[in-house]
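Dear colleague,

Please find below the structure that I am handing over to you. My notes on charges, salt bridges and overall organisation follow it.

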Amino acid sequence: HVVEITSDPDSPLRSPRVSTKWAKEQIDKYGRDNPWVLVNVFGRFPPASMNALIGPDELEEAVSRKYRETEILRFPRILGVDVARFGDDSSIIFPRQGLQAFDPLQYRNVSGTEGAELVLRKWNDWDADACFVDNTGGFGASWIDNLYRIGKDPIGVHFSQSSTSPHYANKRAEMAFLLVEWIKKGGAIPNILELIQALSQTTYTFKGDQLILEPKEDVKAKIGHSPDHMDALMLTFALPVDKRRTEYGSTNQHVFDYNPLSRDRIFG
């Protein structure tokens with residue numbers, strides 16, 4: 001005999017232990033098919049077919065989209081930088097503005113000084129509003145230190161650090177699901193095989209009631225290469241960013257809003 005316990009606000013048999021208001025807020029915010037909502041509101045685990053981050057059909061649509069400059073002009077320009085850990089991995093500089101992700105820059109076997117100079121060149125040429133650098137395990141420390149030395153203010157991100165939302169086991173999972181949500185809301189990505197493979201073949205599970213991704217080493221073994229492109233694009237969702245503004249149009253001041261509920265800056 002199976003007993004199902006749900007906090008579905010539309011069910012007359014719902015458990016009174018969960019607030020109806022809270023349950024409705026989660027459904028309105030994340031959608032009824034969101035894996036966190038399925039577990040924590042409806043009391044159901046997602047089917048096995050849903051444990052991939054995103055499906056190939058949605059990625060195909062994302063590749064086919066392209067936004068005009070005028071459509072994304074009011075949104076901040078953000079750089080995500082994934083620093084290579086080993087010789088066969090790549091360092092990736094991924095630019096994103098609003099719903100448009102642009103072709104990334106890819107490098108191999110560059111030092112921290114060289115890497116910082118490459119980021120600086122893109123940062124200045126593109127007039128970026130913010131730059132997030134993967135510093136998991138300290139691999140990006142040299143890049144970050146050299147960028148500070150030449151007058152920039154990158155933000156180091158540890159993929160294993162705590163997320164800003166209790167729904168995720170760590171920052172890596174949070175950034176990945178923000179990226180997927182952005183794609184589903186109209187995000188456009190470049191047609192890069194390595195990026196599409198990583199997004200479509202990375203899976204998630206639950207750690208208690210929190211979402212967590214499969215280890216990066218497992219993803220690399222599965223697809224035959226490190227998910228560097230995916231990691232760099234994920235970093236553009238590390239924190240919401242405000243576009244720099246003054247009465248004349250631009251300033252050197254960056255504003256980072258740590259409120260995870262403020263999603264307009266992320267999704268455009």
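At 57% relative accessibility, D57 counts as exposed, where exposed stands for over 50% relative accessible area, buried for under 20%, and partly exposed for the range in between (1.4 Å probe, protein chains only). D57 sits in helix α3, which spans residues 56–64; helices (H or I, at least four residues) and strands (E, at least two) are DSSP runs numbered from the N terminus. Together with E58, E60 and E61, D57 forms a patch of negative charge on the surface. Patches are built from residues with over 30% relative accessible area and no salt bridge, like charges being joined within 9 Å and nonpolar side chains (Val, Leu, Ile, Met, Phe, Trp, Tyr) within 5 Å. Asp and Glu count as negative and Lys and Arg as positive, while His and the chain ends are not counted. Each charge is placed at NZ of Lys, CZ of Arg, CG of Asp or CD of Glu.

Please note that this is a predicted model, in which local features need pLDDT of at least 70 and side-chain atom pairs count only at pLDDT 80 or more, whereas totals for chains, interfaces and linings use all residues. Residues are numbered from 1 along each chain as its sequence is written, and side-chain values use heavy atoms, with hydrogens and water left out.

**Salt bridges**

A salt bridge is taken as a side-chain nitrogen of Lys or Arg within 4 Å of a carboxyl oxygen of Asp or Glu. The count by this rule is eight.

One of them pairs D8 with R32, with 3.5 Å between the closest N and O atoms. D8 belongs to the segment before α1 (20–30) and R32 to the loop between α1 and α2 (35–40), so this pair ties together parts that are 24 residues apart in sequence. D8 is buried at 13% relative accessibility, whereas R32 is partly exposed at 38%. D8 and R32 are also linked with D10 in a network of salt bridges.

Another salt bridge joins E174 and K171, whose closest N and O atoms are 3.1 Å apart. The two residues are three positions apart in helix α7 (residues 171–184), and are therefore separated by about one helical turn. E174 is buried, with a relative accessibility of 3%, and K171 is buried with a value of 3%.

K185 and E181 meet through their side chains in a further salt bridge, at 3.2 Å from N to O. Here K185 is partly exposed at 47%, while E181 is buried at 13%.

**The chain as a whole**

The secondary structure consists of eleven helices and ten strands. Of the 268 residues in the chain, 50% are buried. Among contacts (heavy atoms within 4.5 Å) with a separation of 6 or more, 63% involve residues 24 or more positions apart. The chain exposes about 13400 Å², of which carbon and sulfur atoms supply 49%; accessible areas come from the Shrake-Rupley method with a 1.4 Å probe, and for residues only the protein chains shown count as cover.

**Around strand β6**

I155 lies in strand β6 (residues 155–157) and is partly exposed, at 23% relative accessible area. Its C-alpha atom is 7.8 Å from that of I144, eleven residues away in sequence. D153 is placed in the loop between α6 (141–149) and β6, and is partly exposed at 32%.

With kind regards
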